[in-house]
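Student: Please take a close look at the contact between the two chains. I would like the elements, the residue types and the symmetry treated together.

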4 protein chains.
Amino acid sequence: MAQKTEQARAKHGGIQSRRAELLEISARLFAEQGVRATTVRHIADAAGILSGSLYHHFSSKEAIVDEVLRGFLDGLFATYDDIVRNNDGPRDALERLVRASFQAIHDSRDQVAIYQDEVKHLQGISRFDYLEQRNREFRDMWIEVLEAGQASGVFRADLDPNLTYRFMRDTVWVAVRWYRPGGKVSQEEIADQYLRIVLDGLADD
Amino acid sequence: MAQKTEQARAKHGGIQSRRAELLEISARLFAEQGVRATTVRHIADAAGILSGSLYHHFSSKEAIVDEVLRGFLDGLFATYDDIVRNNDGPRDALERLVRASFQAIHDSRDQVAIYQDEVKHLQGISRFDYLEQRNREFRDMWIEVLEAGQASGVFRADLDPNLTYRFMRDTVWVAVRWYRPGGKVSQEEIADQYLRIVLDGLADD
Amino acid sequence: MAQKTEQARAKHGGIQSRRAELLEISARLFAEQGVRATTVRHIADAAGILSGSLYHHFSSKEAIVDEVLRGFLDGLFATYDDIVRNNDGPRDALERLVRASFQAIHDSRDQVAIYQDEVKHLQGISRFDYLEQRNREFRDMWIEVLEAGQASGVFRADLDPNLTYRFMRDTVWVAVRWYRPGGKVSQEEIADQYLRIVLDGLADD
Amino acid sequence: MAQKTEQARAKHGGIQSRRAELLEISARLFAEQGVRATTVRHIADAAGILSGSLYHHFSSKEAIVDEVLRGFLDGLFATYDDIVRNNDGPRDALERLVRASFQAIHDSRDQVAIYQDEVKHLQGISRFDYLEQRNREFRDMWIEVLEAGQASGVFRADLDPNLTYRFMRDTVWVAVRWYRPGGKVSQEEIADQYLRIVLDGLADD
DNA sequence: TATGAATGAGAATTCATTCAT
DNA sequence: AATGAATGAATTCTCATTCAT
């Protein structure tokens, strides 16, 4: 009986449906080896089924990538949006954007890695148009915060917000390449150090 | 006739040998589409020959990638090495490492892009062992400078040099994704702004 | 509730059993897209069930095709047979064979279309041996009528009955490709015009 | 030397280039088994190469079908066009259209068979838009002739030209299903008999 | 140097069918 | 009767590489 309940819960997406399980496996492999280098057979092998059986759940490999990225980006958007709407001023907002990003790297390592490695090649496929859209939305939110900070005098005015945004975005996200959850340095410490550098500078003054 | 003369000149090492030309074409395509997504046929098409003919110049596709990256990394090593050996103190060294890197992005966009996108997947192939080696050498040079700066008090002592190195390396190199030579912002300006942020911080104090 | 009653009625042989419904859906899809191009999933989708569930009703896709065609050909045989046995001479018989055929196109468009498109490929599968058998029976009946007509002088004697049969059979049946029930020209008018051409010729004399 | 000349001629499309040879093999198989049922492997096997090697010559299976049909239809158009432009009146034109069609069946059996069996499924694929276009052109030419004949009184006026065209077109082309070159009845005799039926009727008057 | 033809290994995808529940 | 998950064989297509000419 207990088992049946368990299964029933799983089926309805409680802990994990078969579909979600396959998405997780796919995400891991995509992140580790790259989307192109990950064959549907790799995924199927890892899931313990035949490659053709994957098509019972997803219509194509592309559809798997799509589903993996879309969910992640939707979640990130919600998080960012909340920060930009409710904050204690630009400095607080910026700090929280940074921390939320490192948190995302911690929580969704695979998805972040996939996004980082594949956007370039996914753009141009119409199914992935939302990638560019999200990209624009994210940029607008960050720049809004940076400009508000310059206007209110908490951020230096001699820096190009666009360039500053790119620097910050890149440094934060590219950290997914070396960050290991459970490693020596926690994700919170990384965010702390990064904020210290970017806010106060490397120079000892 | 005129065309033939042109070709003949090129062949005998005039401005550019056929081989160098093919490497350049390959590098461009690798950078634009990724190594895996670039087929030897793409390269051959772009060069105006048949794919099989490429094998008169190079023993394999891997060999082309190898040749493209090796030369670039050797040059970068020489540049870094010179800076680390001859400088006016850690701050000068750090500034020049950053500037040299942005210069490399400007001069060798394709190579930097390829390196950024493919290291992860090329590591593990023994022919590309030198990638990891160079990587270590570069890291050691940057960290030497950062630690010297902390020791002499020009850089803040409360930052982990390893983490700082990673942040800087990532931000600098990842800029290849958006930097366009001849665009609004010159590579020198980018380096300036980046150094201002990283040395003095974003905060207005 | 009302819907359930509806279903229940259908189930118990009201107007149409589930089985007959599935056959109808299958026939339509086979006719529209071809047997090979129609997957069991198409059929199941159109019926609102999963593809595996079809196998509770039929043992295989081939069995569906079989059932669709067999019933149609049996009916057509009965019709032809009655005409050949009871008629007012060869001319009457021929006219009624033609009219009966156009009537069949009208009544069983899908089946005729399937037969036309697939005989060639179904022949050779032993389960479909009856196709060739029916084919022979039909031919014999038509030729019997044509030869009787030549013998009695109502049909020209300088035509090869075999060739004539083929021409007539082809023209009649191939009309399924363009005939649309409810269109501008009724099936009776089509039969009329066709008989005028084939009996009296195109030439104005 | 002689052999070399032979080969050279073949290469430049003299007797038969490899490409043309593959097209011919493909056409035969498509006609015999249907396009869908003919796998690229069948074709490759028949050509004595591996299936992948076909893609050295053609970009896809669809492209092979395309090339096979396009050439045939272009040729047929030219033939029809010449007849419609240069003739001794509608009756002569109609006779020659019919004879030319049976000739096409004789000369290009495979292509005609493919066209007959596959138009329905090929239409809707944009690459094959020209099929519908040619179809319209052919129809317009036949109808032009039929209407001219009715206007000048050589053809009966009580028949719908559209319907008449369809009947004739169908009967003529569908003959590809049973016509065997070198069989008992020559293609010229078939055309003769068909013209006798269609022009003067089956009835003995 | 280059062509043209081919290999061979493997990729993604399709699909009829099975079966425990 | 129907679901949901899977099989397994086949299909189209890709691509680095080879090699005789």
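**The contact between chains A and B**

Tutor: In this predicted model, chain A brings 32 residues to the contact and chain B brings 32 residues. On the side of chain A that touches chain B, α8 (161–174) and α9 (187–200) each supply at least two residues. The element that gives the most to this side is α9(A), with eight residues. By type, the residues on the side of chain A that touches chain B are 17 nonpolar, seven polar and eight charged.

The symmetry can be set beside this. Chain A superposes on chain B through a rotation of 179° with a shift of 0.1 Å along the axis, and the RMSD is 0.1 Å. That is the relation of a two-fold axis. Among the residues of chain A, A:G201 comes closest to the rotation axis, its C-alpha being at 1.8 Å. Of the interface residues of chain A, 100% are also interface residues in chain B, so the copies meet through the same surface.

An unreviewed UniProt entry carries the annotation "DNA-binding region" for residues 39–58 of chain A. In the model, residues 39–58 of chain A are 40% helix and 0% strand, and the C-alpha atoms at the ends of this segment lie 14 Å apart.

Note on methods. Residues are numbered from 1 along each chain as its sequence is written. Chains are lettered from A and ligands numbered from 1 in the order in which they are written. This is a predicted model: local features need pLDDT of at least 70, side-chain atom pairs count only at pLDDT 80 or more; totals for chains, interfaces and linings use all residues. Copies are superposed by least squares on the C-alpha atoms of residues with pLDDT of at least 70 in both. Two residues are in contact if their C-beta atoms, placed from the backbone, lie within 7 Å. UniProt positions are given in the numbering used here, feature names are shortened, and annotations may be inferred rather than shown by experiment. Helices (H or I, at least four residues) and strands (E, at least two) are DSSP runs, numbered from the N terminus. Ala, Val, Leu, Ile, Met, Phe, Trp, Tyr, Cys and Pro count as nonpolar, Asp, Glu, Lys and Arg as charged, and the others, Gly among them, as polar.
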